[in-house]
Amino acid sequence: MRPWDVIGTDGPANLYQAIKVAGSGKTTWFGTVVMLNDVIFAAREVTKTNSHRMDTFDAPMFGALGYVDDPAVRIYRAPARAFKAGTPEWATPFDLKTISKDNLPLVGIVYNYQEASGGAIRGLVEDGVKGIVTAGTGAGGISSALSAARSAAITNNNVVFVSTTRTGSGSIYGGSGNTVAGDNLNAAHARIMLLLSLAFSNDVSVIRGWFQTFGTADVEISVDADTVLRTSIEEEPALPEVEVPVVTEPVPGTEEPAVTDPEGEESPATTEETEVEQETVATP
């Protein structure tokens, strides 16, 4: 953040600490990480928040992965990608050795604001872009003029769009046709993801799949053969069905209540059995 030739430069310390993190092997399965100001971040999550301060990098919603406190490298959480360590799903689908920089497609970013015109989208289309990332207000909203320009770009030029938010944090869902949701990637990160996707495929369904897997920080942990923990909004776990006994009025001639089982048959219950069943009702 400060040049190497000024008082208080942080460059040498950052380089030294970055080498220490890489050499520790603790982030081997994390994908690319960023080390600055003694703080370790996942590259997917980190963004610059100040033009001059040395603590500029931050990861909204997620926070740091760990810290470098001489002589220790401490890791306190892992990014979602690390849970796929050692599996084919961990590897990126983008083999950069097979393409050259000259073959990368043009991809632009358009920011929404009040009464934004569609000129930015039309100008990028005229330049020959294959993809555009929109940084919308709130949950990805764009002006009616931008929306009309987007529709025209899709219909006439088959441009692929990715919706993100300009707010600095938060997730975007949904999307259809040539419009893909950017999850919680910021506009700059989504542009890199879209650029690489378009370099390897022109199929929007394939690109959407990449954004929903490699582009999304979604944790899915297999606990055992019968139990899987998921955080996907598409697959919310269903609550188990529990048969709850119904306590009725006392049976005439007794002081104990009767319990109606699911088959509709009544049977007398002891006080101890009733207490257990009442606890079952109170505690699913």
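How many residues lie between β5 and β6 in the hairpin that they form? Two residues separate these strands. The legends below describe this hairpin and other close-up views of a predicted model.

**Figure 1. Overview of the chain.** The predicted model contains six helices and 15 strands. The chain has 284 residues, of which 32% are buried. Among contacts with a separation of 6 or more, 54% are between residues 24 or more positions apart.

Figure 2. Strands β5 and β6 pair in the antiparallel sense, with four bridges between them. Gly66 stands opposite Ile75 of β6. Pro71 sits in the loop that links β5 (66-69) to β6 (72-75). The peptide bond joining Asp70 and Pro71 is cis, with omega at about 0 degrees.

**Figure 3. The open sheet β7-β8-β9-β10.** Four strands make up this open sheet, in the order β7-β8-β9-β10, and their pairing is parallel. β7 and β10 are the edge strands; each has a single partner, so one side of each lacks a neighbour in the sheet. From one strand to the next, the twist averages 25 degrees. Strands β9 and β10 are paired in the parallel sense over three bridges.

Figure 4. Ser163 belongs to strand β9, and its bridge partner in β10 is Ala181. With a relative accessibility of 10%, Ser163 counts as buried, the cut-off being under 20%. Leaving aside residues up to four places away in sequence, Ser163 touches Thr134, Arg150, Ile172, Thr179, Val180, Ala181 and Gly182. One of these contacts, Arg150, is also listed among the buried residues of α3.

Figure 5. An α-helix has 3.6 residues a turn, so residues three or four places apart point the same way. Exposed residues Ser144, Thr155 and Asn156 are carried by the face of α3 turned away from the buried side. Just after the helix, Asn158 adopts a positive phi of about 55 degrees.

**Figure 6. Packing of α3 on the sheet.** Helix α3 lies across β7, β8, β9 and β10, and runs at about 150 degrees to β9. The elements against which the buried residues of α3 pack are β7 (107-111), α2 (119-127), β8 (131-136), β9 (160-165) and β10 (179-181).

**Figure 7. The α2-α3 pair.** Two packed helices are described by the angle between their axes and the distance between the axes. Here the axes of α2 and α3 come within 8 Å and cross at roughly 20 degrees. This crossing angle makes the two helices roughly parallel. On the α2 side of the contact are Ile121, Arg122 and Val125, which meet Leu146, Ala149, Arg150, Ala153 and Asn157 of α3. Helix α2 also lies across β7, β8 and β9, running at about 170 degrees to β7.

**Figure 8. Two loop aspartates with positive phi.** Asp38 is located in the loop between β1 (33-36) and β2 (39-42). Although it is not a glycine, Asp38 has a positive phi of about 70 degrees. Its relative accessibility is 34%, and Asp38 therefore counts as partly exposed. Asp183 lies in the loop between β10 and α4 (187-200). Phi of Asp183 is also positive, near 55 degrees, and this residue too is other than glycine. Asp183 has a relative accessible area of 12% and is buried.

Technical notes
Residues numbered from 1 in each chain as written. Predicted model: local features only at pLDDT ≥ 70, side-chain atom pairs only at ≥ 80, totals over all residues. Heavy atoms only, no water. Buried < 20%, exposed > 50% of the residue type's maximum accessible area, 1.4 Å probe, protein only. Contact = heavy atoms within 4.5 Å. Pairing = 2+ DSSP bridges. Axes fitted to C-alpha atoms, helices over the stretch in contact; angles between N-to-C directions. Parallel < 35°, antiparallel > 145°, perpendicular 65-115°, else oblique.
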